[in-house]
Amino acid sequence: MSEQDEANANRANGQRRSVPLFDPVAGMRAMVDIQAEGLRAASDLLERVLEPDQRARDYAGLVDAWAELLQRVAAGLAPRGETGRVTIPVDSAAVGPPVRLVLEDPGQPEGTAGEIWLHNGTSAAVGPLALRCGALSAPGGEALDARVGFDPAEVPLLPPRSSRGIVISILAEGEARAGIYRGTIQAEGAPALWLPVEVAVR
């Protein structure tokens, strides 16, 4: 092999190495989200076009069940280390992906924060909506003395085919032992929706 050929081969290898690797988990989650949204849109279209037909309603129910299954699969594909941001359909009856937050220093005055995106994929407005968080406790039963807040505290109306982000903030108010504390977030105005929340105190 000549020096020129060797230089060309090295340059080609360098270009191949510079190509970013494909993240299969992120790609699968994106595909699942797209399929679920397409199924919900198809279900809504069938209900409007073929509303008098009972078979159409049955088919729409099947499509909704399939979309919900896809949402569960997407939630299960969430990497263990992912923190700070989740998206959940307001009409989902499935358990949403966990909200994971980290308190590096329980005494830090700013606490910790993340985002919850509520998605309304239906053809009707939903609201008002207000998130509530239950007590946070460790596996041994020890409670985390913390103030959990949501901004905004209430979403008056979530229009059809839209999403709205809500900031969740957690501020420890007393001494907290290092460990994992878990609780549940529910939504007033969307009774089927609920999310696990996990706070790691370090």
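This is a predicted model: local features need pLDDT of at least 70, side-chain atom pairs count only at pLDDT 80 or more; totals for chains, interfaces and linings use all residues.
Strands, like helices, are DSSP runs numbered from the N terminus; a strand (E) has at least two residues.

Start with the whole chain. It holds 3 helices and 8 strands. Read from the N terminus, the order is α-α-α-β-β-β-β-β-β-β-β. The chain has 202 residues, and 34% of them are buried. Its accessible surface is about 11,900 Å². Carbon and sulfur atoms supply 56% of that surface. Now take the contacts with a separation of 6 or more. Residues 24 or more positions apart account for 70% of them.

Next, go to serine 92. It sits in a loop, with β1 (85–89) on one side and β2 (99–103) on the other. Is serine 92 buried or exposed? Serine 92 has 3% relative accessibility. Buried means under 20%, so serine 92 counts as buried. Which residues does serine 92 touch, leaving aside neighbours within four places in sequence? They are Ala192 and Leu193.

Leu193 leads on to glutamine 186. With neighbours within four places again left aside, Leu193 is among the contacts of glutamine 186. Glutamine 186 belongs to strand β7, which covers residues 179–188. Its relative accessible area is 46%. That value lies between the 20% and 50% cut-offs, so glutamine 186 is partly exposed.

Glycine 134 and glutamine 186 are 52 residues apart along the chain. Their C-alpha atoms are separated by 8.2 Å.

Key. Residues are numbered from 1 along each chain as its sequence is written. Side-chain values use heavy atoms; hydrogens and water are left out. Helices (H or I, at least four residues) and strands (E, at least two) are DSSP runs, numbered from the N terminus. Buried means under 20% relative accessible area, exposed over 50%, partly exposed in between (1.4 Å probe, protein chains only). Contact means heavy atoms within 4.5 Å. Accessible areas come from the Shrake-Rupley method with a 1.4 Å probe; for residues, only the protein chains shown count as cover.
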